[in-house]
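User: Hi! I am new to protein structures and would like to look at one together. Could you walk me through it with some questions and answers?

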Amino acid sequence: MKTSASVTLAILAVITVGAVYLWPYVKMDFTESASYTEQDKREYEFFTPDILKNMPRVSDHYQFGYSNVSGPDLLIYEVTFSGTTHTSRINHYLQKNGFRRLGSCDIDGECWQGDEPGMSVSVSINAKSEIIIVSVMDKS
C-alpha cells in the first residue's frame, strides 16, 4: 500500500510540474495580442517568425508585437524600430530572402511578397516620430 501511495504522489508531482511548465505556453497559444522584447525569451521564441528573428536590427531600440486579428485567419507579427527612418538594410534583407516589392499597397508604406502564399511583409515609416514598423501578415 505504501508503494502505490508513493507512485501516486510521484505521478501527481510530475503532472503538477508539467502543468506549471506548460501553462505559459497554453496561455500564449490562446492570446489575442502580445508586446515583448527579445529579452522575453519565451514570448520571443513562441511568437516571432524567422523572418523577423533574422531581420537586421537597424536601431538599438526595438520591440516586437503579435496580433491575432480575426481568429485563426490573420496573424500579424511586427517589429518596431525607434530612432531611425533608414530602411535600406531591411529592403536588402527582404530582397536577399526572395521577397519582391509590390507596385500597390493598402498601407502607407512598402509591401513585399515572398514565395510563401498567404504571407506578406509591409515596411512603414513614420518620419516625424522616427519609427519603422515591419509587419508580417500571415493569412494561413
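Analyst: Happy to! One idea comes first: rings of Phe, Tyr and Trp (its six-membered ring) pair if their centres lie within 6.5 Å. Please keep in mind that this is a predicted model. With that idea of a pair, ring pairs link Y36, Y44, F46, F47, Y62, F64, Y66, Y77 and F81 into a cluster.

User: How many aromatic pairs does a search of the whole structure find?

Analyst: The search covers the whole structure, and its count of aromatic pairs is 8.

User: What kind of aromatic pair do F46 and F47 form?

Analyst: A pair of aromatic rings is described by the distance of the centres and the angle of the planes. For F46 and F47 the centres are 5.1 Å apart and the planes stand at 90°. Planes over 60 degrees apart count as edge-to-face, so the pair of F46 and F47 is edge-to-face.

User: Is F47 buried or exposed?

Analyst: Buried means under 20% relative accessible area. F46, with 34%, is partly exposed. F47 has a relative accessibility of 5%, so F47 counts as buried.

User: How far apart are the ring centres of Y62 and F64?

Analyst: F64 is buried, at 2% relative accessibility. Its ring and that of Y62 have planes at 90°, so this pair is edge-to-face. The distance between the centres of Y62 and F64 is 5.9 Å.

User: Which residue has its charged end over the ring of Y44?

Analyst: Y44 is one of the residues in the ring cluster. A charged end sits over the Y44 ring, 5.8 Å from its centre, and this end belongs to K53.

User: In β2, which residue is the bridge partner of Y36?

Analyst: Strand β1 covers residues 33-36 and pairs with β2 in the antiparallel sense, over 4 bridges. Y36 has its bridge partner in β2, and that partner is F64.

User: And which residue in β3 is the bridge partner of Y66?

Analyst: The strands β2 and β3 pair in the antiparallel sense over 8 bridges. At one place along them, S67 stands opposite I76 in β3. For Y66, the bridge partner in β3 is Y77.

User: Which element gives the largest share of the largest nonpolar core?

Analyst: This core has 24 residues, and L52, M55, F81, I90, L94 and V134 touch the most other members. Elements that give two or more residues to the core include α2 (41-47), β2 (61-68), α4 (88-96) and β7 (131-138). The largest share is 4 residues, and it comes from β3.

User: To which backbone oxygen does the side chain of T48 reach?

Analyst: T48 lies in the loop between α2 and α3, and at 5% relative accessibility T48 counts as buried. Its side chain makes a polar contact of 2.7 Å with the side chain of Y36. At 2.9 Å, the side chain of T48 also reaches the backbone oxygen of Y44.

User: One last one: is S124 buried or exposed?

Analyst: S124 is in strand β6. Apart from its neighbours within four places in sequence, S124 is in contact with residues including I107, D108 and G109. The cut-off for buried is under 20%, and S124 has 17%, so S124 counts as buried.

Definitions and conventions: Residues numbered from 1 in each chain as written. Predicted model: local features only at pLDDT ≥ 70, side-chain atom pairs only at ≥ 80, totals over all residues. Heavy atoms only, no water. Phe/Tyr/Trp six-rings, centres within 6.5 Å; stacked < 30°, edge-to-face > 60°. Buried < 20%, exposed > 50% of the residue type's maximum accessible area, 1.4 Å probe, protein only. Lys NZ or Arg CZ within 6 Å of the ring centre and 35° of its normal. Core = buried A, V, L, I, M, F, W, Y, C linked by side-chain atoms within 4.5 Å. Pairing = 2+ DSSP bridges. Contact = heavy atoms within 4.5 Å. Polar contact = N/O pair within 3.5 Å; in protein donor to acceptor, adjacent residues only side chain to side chain.
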